[in-house]
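Please look over the sequence and the model shown below before reading on.

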Amino acid sequence: SNEEISKMIRCSSFCLCVLVLAVAGIQFHQQSESQKNDIILQSLVTPTNGPPSPHVMTSHSLPLQISGIFPSLAVTAESAPRRSECGVGALMPWADRLYMVTYLSVPGAGGGTGLYEITPDFTMNKLANHSSTYANRLLHAPSNQIVIGAWVIDADRNVKEFKDLMHVRIGGMAMHLTDPDSKVYMLGMDGPLWECDVYLLNCTKIFDLVDSLKIPKDNGEQPHFKAAHTMNGRLVVASNTFEEADFLKSQHGGRLAEWKGPGHEWTILEQTAFVEVAGRGNFGRVIYAVGWDTASVILKVYDGGDSSAPSSSSGWQTYRLPKASHAYDHLWQTEWPRIREVETERYLLDVHGQFYELSPLGWAGSTWGLRPVCRHLRMIPDFTSFRGLFVLGGNEVSSIFDNNLVTGQSQSGLYFGKTDDLWSFGKPQGWGGPWRYTQVNASQPSDSYLMTGFDKKVLHLSLHSGPAFVAVTVQVDFTGIAGHVKEPWNNYTSIHLSAKLPYAYHVFPDGFSAHWMRVVSNESCVATAYLHYT
């Protein structure tokens, strides 16, 4: 009957609706994690028109992203007539935007680079063009502005430029020692140091650091300044010059140096490559500086203390970390490894292809809050946080004056994810040691070398010259204090070397670890102590 037919149609329609909903549900649950995040993120973006309104939500459609990479946010350099590089030199969240500046290898070596802003709905706008090299960023708190590259941006997103800096390379910047309310220091990669007024937007050169720090430029050592930081009454600068002559120890072009202001001379702290200097104004006022030599990565630490808790350690201390890669050993290869907060009041340290967690604390002159997180292949000139996301800059493809003929157009992208995504990157590994063909003094301990957080561990020892018999004692620190606060080092084992048997190795048992280790020889000699962590 017609009534029965109508019932059958209604029943079929209902079943079809249920089937469609079920299939849709299955398809939704089969979506990748990144696709689910896209759906969530689409409800958390803010409109781009009008003044900042971070609490207004909309369902704006996000651009395409694949595993945290938004192709629409990639940056490129022009394909002709000159080709060099297009790296992401600096990232800075400010006024509900993520500001980004890109860089060429040297001024005039191409075009297409610039200053950009990324809005909360992941739209990118180019604010200015340039054809130079910038990797500096700083919040100038007294003026409520950020400085990034050659530009100053206020809290209303008004952009002004330092015209004096439009055709130079800026590797780093820092607060001014004597006039912090109005001025900042700008560190040129090639050695000039300027002081710049953030209101008048003019700059005055005050040093040529090639001369001040006695860098042997005329003998082939290229100045390559990368970082600056002001704290504890001093300006600290870093240059990462490291070439074959540095590897062979025939001369030394890298520098870590400090200056305590007018009336003082520069003090050279280290004559090897250094790439980063950072520190907070509180938490013990610890300054960290990172570099490397032939033996390992180097972490220099200055604990300034304060009036209520003065430091028990005066001067700079030296710690050593493994290298996760040898593809960072030349001065051109490092870009800008950074120490930066992406989760409040704790650092991430990126150096030689490995991320570490690092505490800003330095109680009683010790450095214990350091552990490896992961290795990575990505070239990361800067990283930051934006809208709850962890952001990695990049420098993926670089022609470098057509020395790489399979590159084509220079370009880079950004990675957006979570800080804990780093745990899924490469397993912490590396190699290095406190001695590498080092002149060792009898009974003098080596620098502390990081041991915690790595899996399989092997120590290699080699006696190159010296007395017929040498005993090397391996000492460990399992609390992380590294001998401070009256906590002694502990003797782990002694290994004997001789002129007839100059090599020995020790495999640490599975499961054994300590925070720091070091070695001590009972005789003066030339020796190597090198560890492989796998």
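Which residues make a nonpolar surface patch of about 340 Å²? The patch is made by Y503, Y505 and V507. Patches are made of residues with over 30% relative accessible area and no salt bridge, with like charges joined within 9 Å and nonpolar side chains (Val, Leu, Ile, Met, Phe, Trp, Tyr) within 5 Å; accessible areas come from the Shrake-Rupley method with a 1.4 Å probe, and for residues only the protein chains shown count as cover. This is a predicted model, in which local features need pLDDT of at least 70 and side-chain atom pairs count only at pLDDT 80 or more, while totals for chains, interfaces and linings use all residues. Residues are numbered from 1 along each chain as its sequence is written, and side-chain values use heavy atoms, with hydrogens and water left out.

Y503 is found in strand β36, which covers residues 503-507; helices (H or I, at least four residues) and strands (E, at least two) are DSSP runs, numbered from the N terminus. With a relative accessible area of 46%, Y503 is partly exposed, a class that lies between buried (under 20% relative accessible area) and exposed (over 50%), again with a 1.4 Å probe and protein chains only. F508 is found in the loop between β36 and β37 (516-521), and F508 is buried, having a relative accessible area of 3%. Although F508 and K456 are 52 residues apart in sequence, their C-alpha atoms are 7.5 Å apart in space.

## Salt bridges

The structure holds 20 salt bridges, each being a side-chain nitrogen of Lys or Arg within 4 Å of a carboxyl oxygen of Asp or Glu. One of them joins R97 to E117, with the closest N and O atoms 3.5 Å apart. Because R97 lies in strand β3 (residues 97-103) and E117 in strand β4 (residues 114-118), the pair ties together parts that are 20 residues apart in sequence. R97 counts as buried at 6% relative accessibility, and E117 counts as buried at 11%.

R137, R338, R340 and D382 are linked in a network of salt bridges. Within this group, the side chains of R137 and D382 meet at 2.8 Å, N to O. R137 lies in strand β7 (residues 137-140) and D382 in the loop between β26 (370-375) and β27 (383-386), so this pair ties together parts that are 245 residues apart in sequence. D382 also forms a salt bridge with R340, the closest N and O atoms being 3.0 Å apart. Since R340 belongs to strand β23 (residues 339-343) and D382 to the loop between β26 and β27, the pair ties together parts that are 42 residues apart in sequence. Both R137 and D382 are buried, and R340 is buried as well.

## Enclosed space and a buried tryptophan

Rolling a probe the size of a water molecule over the atoms shows where empty space is left. The structure holds 2 cavities of 30 Å³ or more. On a 1 Å grid over the protein atoms alone, a cavity is a set of points where a 1.4 Å probe fits but cannot get out, and its lining residues have an atom within 4 Å of a point; grid points are joined across faces, edges and corners, and a volume is the space filled by probe spheres set on the points.

About 50 Å³ of space lies in the second largest cavity. Its lining includes Y328, D350, H352, H376, R378 and M379. By class, this lining has 5 nonpolar, 4 polar and 2 charged residues, where Ala, Val, Leu, Ile, Met, Phe, Trp, Tyr, Cys and Pro count as nonpolar, Asp, Glu, Lys and Arg as charged, and the others, Gly among them, as polar.

W292 lies in strand β20 (residues 286-292) and is buried, with a relative accessible area of 1%. The C-alpha atoms of W292 and F242 are separated by 8.9 Å, while the two residues are 50 residues apart along the chain.

## Backbone details in loops

The peptide bond from A80 to P81 is cis, with omega near 5°, and P81 is found in the loop between β1 (75-76) and β2 (87-94).

R157 is not a glycine, yet R157 has a positive phi of about 70°; this residue is found in the loop between β9 (151-154) and β10 (159-161). S443, also a residue other than glycine, has a positive phi near 65°. The loop between β31 (430-440) and β32 (448-450) holds S443, which is exposed, with a relative accessible area of 55%.

How values were computed. On a 1 Å grid over the protein atoms alone, a cavity is a set of points where a 1.4 Å probe fits but cannot get out, and a pocket is an open set with protein on both sides within 12 Å along at least five of seven lines; lining residues have an atom within 4 Å of a point.
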